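Colleague: I would like to learn how to read a model feature by feature. Could we go through one together?

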Amino acid sequence: MDAWNILVVVVLALILLLILPMVAARNGTKSFTQALMAPLHRKKKRGPLGLEVEPEKKPERHVNNSMQGELTAIVSQLITFTKRQHYTLVYPGTIQEGGQLTTTLALVVTPGGVVGLNCFGFAGEIRPGDQPNDQWRQHINHTDNRIPNPVTTSEKQQVLLRRAMDRAGLSGIPVEVIAVFTSKEARLTGVPAQKCFDRDGMIAYLEQERFHSGPVEDTHETGVKLKSLVTVYKSEKNKKKKK
């Protein structure tokens, strides 16, 4: 080792001897080793008596369940999508069958079949119950709620829609009803991917290749037949206004 290298080593050693005690004092450590390792550990917040304090959790952001405007937005999204894909949108999708009115927001007619959209406006964290038929769970604004099971609800809607289509001479066309959470603030956790979707997931599902071809030769013609089955629900409030 030449003189220059020896000089460099000596200077570095002197710097360490001067700096490390200051670092140790600042970090409350008692040895050079602790001083060297101190930067590797996350600095914890300390209270007035020097005791460690757990970092404060960020407050939970307040959100609201889906509003009417979000339903309008999802219909607009569906109109754009169906035009691009050359599908047919039937809106509203409420059909009277056996004395019951379906709750499907809209029906998307594709060459591969008809997809009914059963929409839910719940926001927050959404997760299934413990058992397949249990109510689902919603956590929103520090509150835990029980909400209708969207899977079993949509299955019942599918049965009604199937009966109505059979009655209208559309028995050869496949039909399914999927659940869609319309709020942008809905976070789906542990949800079966084939049954429930958020808004983006709904579009991704409808883009599958299996809907690109099938028994529906003319989606517009099929849509017209479905439209003839639609019942427009009028609330008692609107009826009174007309009177």
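Colleague: With which residue does Asp-166 form a salt bridge?

Modeller: The general idea comes before the case. Side chains of opposite charge can pair when their charged atoms come close. This is a predicted model, and in it Asp-166 forms a salt bridge with Arg-162, with 3.1 Å between the closest N and O atoms.

Colleague: Where do Asp-166 and Arg-162 lie?

Modeller: Both belong to helix α4, residues 150–167, and they are four residues apart, about one turn of the helix.

Colleague: How many salt bridges does a search of the whole structure find?

Modeller: The search finds six. Among them is the pair Glu-125 and Arg-127, whose closest N and O atoms are 2.6 Å apart. Glu-125 is partly exposed because its relative accessibility is 22%, and Arg-127 is partly exposed at 33%. Another of the six joins the side chains of Asp-130 and Arg-137, at 2.9 Å from N to O.

Colleague: Is Asp-130 buried or exposed?

Modeller: Asp-130 is exposed, because its relative accessibility is 59%. Its partner Arg-137 has 28% and is therefore partly exposed.

Colleague: How many of the eight residues of β5 are buried?

Modeller: Seven of the eight are buried, so the strand, residues 113–120, is mostly covered, where buried means under 20% relative accessible area. Cys-119 has 22% relative accessibility and so counts as partly exposed.

Colleague: What is the count of disulfides?

Modeller: The count is zero. Cys-196 is buried, because its relative accessibility is 5%.

Colleague: Which residues is Thr-82 in contact with, leaving aside neighbours within four places in sequence?

Modeller: With that exclusion, Thr-82 is in contact with Tyr-87, Leu-89 and Val-108. Thr-82 lies in helix α3, residues 68–85. At a relative accessible area of 4%, Thr-82 is therefore buried. Val-108 is also the residue whose bridge partner in β5 is Val-115.

Colleague: What is the strand order in the open sheet of four strands?

Modeller: The order is β8-β7-β6-β10, and the pairing is mixed. The edges are β8 (143–147) and β10 (186–188), each of which pairs on one side only. Neighbouring strands of this sheet are turned against each other by 25 degrees on average, direction ignored. Within the sheet, β7 (residues 136–140) and β8 run antiparallel and are joined by five bridges. Ile-140 stands opposite Thr-143 of β8.

Colleague: Backbone angles next. Which residues does the cis peptide bond join?

Modeller: Most residues other than glycine have a negative phi, and most peptide bonds are trans. In this model a cis peptide bond joins Tyr-91 and Pro-92, with omega about 0 degrees. Pro-92 is in the loop between β1 (88–90) and β2 (96–97).

Colleague: What is the phi of His-86, and what is that of His-142?

Modeller: His-86 has a phi near 65 degrees, a positive value in a residue other than glycine. His-142 likewise has a positive phi, near 65 degrees. His-86 is in the loop between α3 and β1, while His-142 is in the loop between β7 and β8.

Colleague: Is His-86 buried or exposed, and what of His-142?

Modeller: The cut-off for exposed is over 50%. His-86 has 65% relative accessibility and so counts as exposed. His-142 is exposed because its relative accessible area is 59%.

Conventions: Residues are numbered from 1 along each chain as its sequence is written. This is a predicted model: local features need pLDDT of at least 70, side-chain atom pairs count only at pLDDT 80 or more; totals for chains, interfaces and linings use all residues. Side-chain values use heavy atoms; hydrogens and water are left out. Buried means under 20% relative accessible area, exposed over 50%, partly exposed in between (1.4 Å probe, protein chains only). Helices (H or I, at least four residues) and strands (E, at least two) are DSSP runs, numbered from the N terminus. Two strands pair if DSSP finds at least two bridges between them. A salt bridge is a side-chain nitrogen of Lys or Arg within 4 Å of a carboxyl oxygen of Asp or Glu. Contact means heavy atoms within 4.5 Å. Axes are lines fitted to C-alpha atoms, for helices over the stretch in contact, and angles run from 0 to 180 degrees between N-to-C directions. A disulfide is a pair of cysteine sulfur atoms within 2.5 Å.
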